[in-house]
Structure formats: structure tokens, C-alpha cells
There are 2 protein chains.
Amino acid sequence: MDSQEIRSRKRHRGKGRVTLADVARQAGVAPITVSRALNTPGRVSAEVKERVDAAVEALGYVPNLIAGGLAAAGTRVIPVIVPSLAILTFIEVIDAIQKRLEAAGYQMLLATTDWDLDREASLVDTVLGYSPSGVILTGLRHRPRVISRLRDWGRPVVEIMEVGDDPIDMNVGVDGVALGHAMTRHLIEQGYRRIAFVGSHLGHDYRAAQRLEGHQRALEEAGAASGGVLEYHEPASYEVGVRALEDVMAMASRPDAIHCSNDIVASGVLLAASRQGIRVPEELAVGGYLGLPLAEHLTPKLTTLAVARSEMGTQAAELLLERLSGKTPERPIRDLGFTLVKGGST
Amino acid sequence: MDSQEIRSRKRHRGKGRVTLADVARQAGVAPITVSRALNTPGRVSAEVKERVDAAVEALGYVPNLIAGGLAAAGTRVIPVIVPSLAILTFIEVIDAIQKRLEAAGYQMLLATTDWDLDREASLVDTVLGYSPSGVILTGLRHRPRVISRLRDWGRPVVEIMEVGDDPIDMNVGVDGVALGHAMTRHLIEQGYRRIAFVGSHLGHDYRAAQRLEGHQRALEEAGAASGGVLEYHEPASYEVGVRALEDVMAMASRPDAIHCSNDIVASGVLLAASRQGIRVPEELAVGGYLGLPLAEHLTPKLTTLAVARSEMGTQAAELLLERLSGKTPERPIRDLGFTLVKGGST
DNA sequence: CATTAAGATGGTAGCGCTACCCATACTTTG
DNA sequence: CAAAGTATGGGTAGCGCTACCATCTTAATG
């Protein structure tokens, strides 16, 4: 009785957008059939599929993914949580993730924690409010609440950058300690004895701290003395490298090699050395990480441990997508390893 | 009669998440009151607000923004559409946008067009399906469909990077032609006469093409001959700079200055020149854009036109937020200008 | 002290879509 | 040829939240 009355009341909120119901009317089928034609085309006849497609085209229908998400739980959004966008490494990984997800019809929701695990925890809460289809987050260290919430959640989660035995769900990355170990090992093999470690933001960036740990382990194994650890409490930059070189040159017992926590800092060291006429590697060897493009354009070329960053992003996205398509990925924990790219700087 | 029966049927889809109704029950108020307490605290009594907050805390309630978005239209998501994540410039802008939006409780949905306007158009359709609160996109050139759809849409839209008279809605950026003009003008004033322009990806990156236009205009005004245009059909990289230097040195009538379409390429030129012992600026002057951090660590320092990229992102986000809070921003079109940072390379 | 305004809370309907179940029309099987 | 599948389409009821309107207080007004 009054239901018709209500129905006749003009919609007050809709913005006149074309809805699935409009398409259904135009195609002469029920709304649910349109939904099926669009989402599971195999379950409708070819003829209906065609009529629906034509109606979609004619009306310019664009699905409201929010509504779909509410009904089906799962919005084709994948939040990606990283510490910072100021780090080139993350950018390349994100770029790869984004490309892969977008190709599969998923959108990336990007959020940054500023290296703060509490912030990460509250971000996870927030993004779960978007009913995402999966989540990608950085590192293996999280607040317990994050871990339990995501485990209970039951949808695909990929942790990137690091590798470990016990991820929340799936994991793609490299072993930070092994990285640090490999570089110092290389320097020792090259005959350097007093190797200094230059780190930036170690308190925040615990993955950089892992590299330091690997460095120290390699020193112990070789029975070598430490060449000192220089720590700068700020994000990595060329400027940090410049200052590190100054500080190293001022040291009483000068190191013969510097192990930099990443390529940006190492590049800063090399650039400053060239400016000051300090010969590399004769007076001082320099090694870095990640294989930034700049590394091979410096003189001498920077020795670096290249990590397949794009690959990391792509594989993370693919693990997620595989799970979303119902399969069980083989090797849900993947160590991508690294490659020593020997330049003239060591 | 049967409505109770239905109600008793266990919910089959909900994942047991705490809902607003649960909070309402716990706090002893109606759901709508909880909604108000959370979204418009001014409209409920302090006492109710407290009870609700306590219940939220006790139950660990996290709002389902999807549901809110469906009901209210507006999901606190801001899609940001850029051509590529491989360009440092975009990264810095995005970083700034993200920081500002996140601080205001909005999330950034990032999508890339790969420099393709058709892709941009379909991306706009897709992201509008998320009922976003606003949209940020790159440049002022779009498919007509994009422009009309966003205009009709009625929510805040900011176009970044470029500036122009007739944005879809709001606009923050710099004048690309003026940039190109200023650099060549500077080179002419420094006494250089044969100025080559090195561009990469000009066909895709029409903003780089604008800089070329400015360059040519400056040449005309000065009555100077063109030193040639070298175009590389690939994204900007150090490598492009390296090749550009080779190509320039091989030219019959060698230019005395190179105007590079951005700092990455210019840096590649400088690095290669230093490797080859070509004196800068005596034999060849080099100028670039954007003020990348690397520019000032090169020897000689790169002369560059610095653009306030973070500022651009921040202002774009702020224009959007201002509109979202109901205000009408003053100066919805903002030209951020640029600064000539004179280095030793010119 | 009646009358009005303002403030606080609740009831109801629905945002646009899809999960679940059911109703047909065909096949396939013994 | 009946019984049992197997496609194909539709009906109904929400997903969790907020807009709109109605109701009930309480304070302000003349």
C-alpha cells in the first residue's frame, strides 16, 4: 500500500548515475542476470551476454564497486603499506605491484607508516574498513594486533622486503642479514681490513640494521677488527654520504673501506670523493646496495648488491592474485636473493 | 510472521566483524546516534559521546567505510592519477599529497596511465566507481569524456603539474613553456649561442614538449639559431644523457650548450662528460630541470630550474580538502613558478 | 505560564550490488 | 519413457551505514 508511495518518491541521494538496474531494464533481463553477465560470463547464455554488453555500452554503465564490495565483501582494492615514499626502493616495488594489480583489475591503495609500527597498526585497521581483497605490507615485524587481525581476516596478505619462516600469510623478499654479510665478505676478500659501516636511520629502518648485523657477523667470522660504525639519524641521502666521507677521513685510524647501508649514501660518498680528489678504491673502497641506476654511471662504478625490486613487487602481486583466484600458490615464501655487481669502487 | 524467522537465520556473509549496531547496543543508544557521535560529535551530548567512545574502545570497532560510502556517497578515498611512477617528480608530488591526505583522514588510491589518455579515461571511469571524495589527476589535457564526466560529477577535482585558464575544477602547477623559455634565456644571457635541446619521450610527455616550445620561443626572440633538437624515444634516464653527450660531440657544428628536458638526463650528460674529461661549462654548458638532490652533488653543480614539487602536492591536497570541508578556496588556479638555481655547469 | 525555538535522539528506508535459494526448460541416463 | 541431472534465469533479502523526518526534551521568549 504505502510501498508504492515510497517507491514513487524521487531518489534523493543517487546522483543520476546509471545503475545495474538501468542496464537490466534496457537489456530486458533481471538485475542479477546483469551481475552474472558481467562477473561470471560463463553462467549466462551467449545471447544474454551480448544483450547486456550492448546495454552497458549504450548507457555507459560503470559498476559501483562500493556497492559490489558491500554486498560481496571484497572491493578489488589492495592496500599497500610501506614506511615511506622517499625511498627509491619502495617506489620501484610499488610501481611493479601497481602495474600487475591494475592489469588484473585491482586498484592499489597506498599508505605510509613513516617507519612507525603503531601507525602501521592503525593504518591496517583503517584500510580493513575498505573491505579490501587483500593486503600488502612491508617487513615481518608488526604489532601483535596487526598480526592477529590479519590472520583472522582470512584474506591474502603478502609481506614484502624481508623473508622469514613465519609470515602472516605469504612473503616475498630478501634476507637483510645475508645482504650485509655478503658485502662485507666481498670487501674482506678484496683485501680490505678496516671496514667502516655507514648507516642512516638505523633506529627506524630495522632492515638497514639487519645489514649492519650481517656486516658484523662477517667481520667476526673473518676475525677482522671493526672499522667503526657511523650512524646518522636521518633518512638516507647524498648529503649523508658526503658527511660520512668527511667523518671517515677525520678518523684517527682511517678505514680502508666503507660499507654503506644503501646506494644513495654510497653515491654521496663517491661524488664527494671525486670532488675532493680522494682516489677510490686505492685510498678508500666503497660498497652499497640495491643496484640503483646511478651506481653504474659514477666514476668509478659503484660495487653494489643488486636486489630485484621490480621482481619483488611483481611476485608479491602475483601471489596475491593467485590466491584471489582460488588457487594455492606454490612456495608462498620466497627469498629473491641478490647479486653482487662488482664495480671499480672496491 | 516470517520476518522473525528470517532474522533468526544466522548471518551468512558477515565475517563477525563488529558493526555500528554492536556499538549501539553496548552503549545503549540507537545506531544512528553512534554514527553521529563518530562523524558529527557536535550533534550529540557529551555524555552520549563518552558512552559511545567507550563502547568503540571496548569492542574494537572499526567503521566499515564501504558501507558508509554507499550510504553517504563519499568514501574518503582520493584517487590520484599520474602517468608513471618511474618519474621522480611524480613521486615527490605523490608523497606530499599522500601525507597531507592521510593527515586529514583520507586515503590515496594510486593509478597510472602510462602516458595514455585513453587509459586515463577508462581509469577515471573505474575510480569513480569507488565513489571517491575527490580526484587528482595530471595535466590539463584529457579526453572530452573525462572532462565532461568530472565536471558533471560535482566533486572536487584538482589537476596538477600544468597550469591553465580552464581547468576542470581546480589547478596547481607550473607553466611548462615558461620553464623552457627561462632556461634557454639564461643560457643566452650567459653567452652561449648554439644551444641544443635534448628531449626524451616527447611524444608521450607533452609537458616536456612544452619546454621545447619555450626553448624555441626564446631562441626566436633572441634571433639565435637553433643548436639542434635531439630526441630520444624512451623515458628519461642517465643512459639517455650519456648517449646525448656522444651524439652532441659527434655533431658537425658542435653546440656550446645543452638544454636537457630534465635533471636525470642532464646528470647523465654531466657524469659522462666527467668520465670523458670534457670540461663543463668551457667546452659545453649543461642545464636541466626540477632541482633533483643529485644536481648539487655533481661536479660542477648542475644549473637547474627548481620546481617546488612537494609544495605542489601539498597545495593540491589542500585545495581538495578545503572544498571537501565546504569552503570555497581562494585562487583555485595556482601557478607555483620556479627558481633558477645557478650551478657551475652553465 | 503558554508558546516557540532549539537541541538531542530515534525510526525508517534505502544506497547498488550480490549470495542464496528457487523455478523453469532442457538434456542425459537406465 | 520416467527419473534424475544440468543449464539458465529470477526473487528476495540483506551487506553496514547514513539521509531524512519525526519525536521528545529542555531552554528561551513575550
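Let's start in chain B, in the loop between helix 12 (263-276) and strand 9 (285-290), where you'll find Pro281(B). The peptide bond running from Val280(B) to Pro281(B) is cis, and its omega is near 5°. Keep in mind that you're looking at a predicted model. Most peptide bonds are trans, and that is the reason for stopping here. Now hop over to chain A. A cis peptide bond also joins Thr299(A) and Pro300(A), with omega at about -10°. Where does Pro300(A) sit? It's in the loop between strand 9 (285-290) and strand 10 (303-306) of chain A.

Most residues other than glycine have a negative phi. Met161(A) isn't a glycine, yet its phi is positive, at about 85°. You can find Met161(A) in strand 4 (residues 157-162) of chain A. Is Met161(A) buried or exposed? Because it has 24 C-beta neighbours inside 10 Å, Met161(A) counts as buried. Over in chain B, His201(B) is another residue other than glycine with a positive phi, this one near 65°. His201(B) belongs to the loop between strand 6 (195-200) and helix 10 (206-222) of chain B. It has 22 other C-beta atoms within 10 Å, so His201(B) is buried.

In chain B, look for helix 2 (residues 20-27) and helix 3 (residues 31-39), which pack at an angle of about 100° with their axes 8 Å apart. That angle is why helix 2 of chain B is described as roughly perpendicular to helix 3 of chain B. Helix 2 of chain B brings Leu20(B), Ala21(B), Val23(B), Ala24(B) and Ala27(B) to the meeting, and helix 3 of chain B brings Pro31(B), Thr33(B), Val34(B) and Ser35(B). Sort the residues of this contact of helix 2 with helix 3 of chain B by class and you get 7 nonpolar, 2 polar and no charged.

Thr33(A), Val34(A) and Ala37(A) make the contact from helix 3 of chain A, while Val48(A), Lys49(A) and Val52(A) make it from helix 4 of chain A. That contact of helix 3 with helix 4 of chain A has 4 nonpolar residues, 1 polar and 1 charged.

Among the buried residues of helix 13 of chain B are Met312(B), Ala316(B), Leu319(B), Leu320(B) and Leu321(B). What covers the buried residues of this helix 13 includes strand 1 (77-82), helix 6 (88-103) and strand 11 (333-335) of chain B. After helix 13 of chain B comes Gly326(B), with a positive phi near 95°.

Time to look at the nonpolar cores. The largest one has 92 residues, and Ile258(A), Val269(A), Val286(A), Ile258(B), Val269(B) and Val286(B) are the ones that touch the most other members. A second, separate core has 86 residues, including Val77(A), Leu101(A), Val80(B) and Leu320(B).

Finally, how do the two chains meet? 42 residues of chain A are in contact with 42 residues of chain B. On the side of chain A that touches chain B, the largest share comes from strand 2 of chain A, with 6 residues. That side of chain A divides into 23 nonpolar, 13 polar and 6 charged residues.

Gly268(A) lies in helix 12 of chain A, and it counts as buried because it has 27 C-beta neighbours inside 10 Å. Not counting residues up to four places away in sequence, Gly268(A) touches residues including Ser237(A), Tyr238(A) and, from the other chain, His297(B). By contrast, Gly268(A) and Val23(A) are 60 Å apart in space, C-alpha to C-alpha, and 245 residues apart in sequence.

Technical notes:
Residues numbered from 1 in each chain as written. Chains lettered and ligands numbered in written order. Predicted model: local features only at pLDDT ≥ 70, side-chain atom pairs only at ≥ 80, totals over all residues. Buried ≥ 20, exposed ≤ 12 C-beta atoms within 10 Å, placed from the backbone. Helix = DSSP H or I, 4+ residues; strand = E, 2+ residues; numbered from the N terminus. Contact = placed C-beta atoms within 7 Å. Core = buried A, V, L, I, M, F, W, Y, C linked by C-beta atoms within 7 Å. Nonpolar A, V, L, I, M, F, W, Y, C, P; charged D, E, K, R; others polar. Axes fitted to C-alpha atoms, helices over the stretch in contact; angles between N-to-C directions. Parallel < 35°, antiparallel > 145°, perpendicular 65-115°, else oblique.
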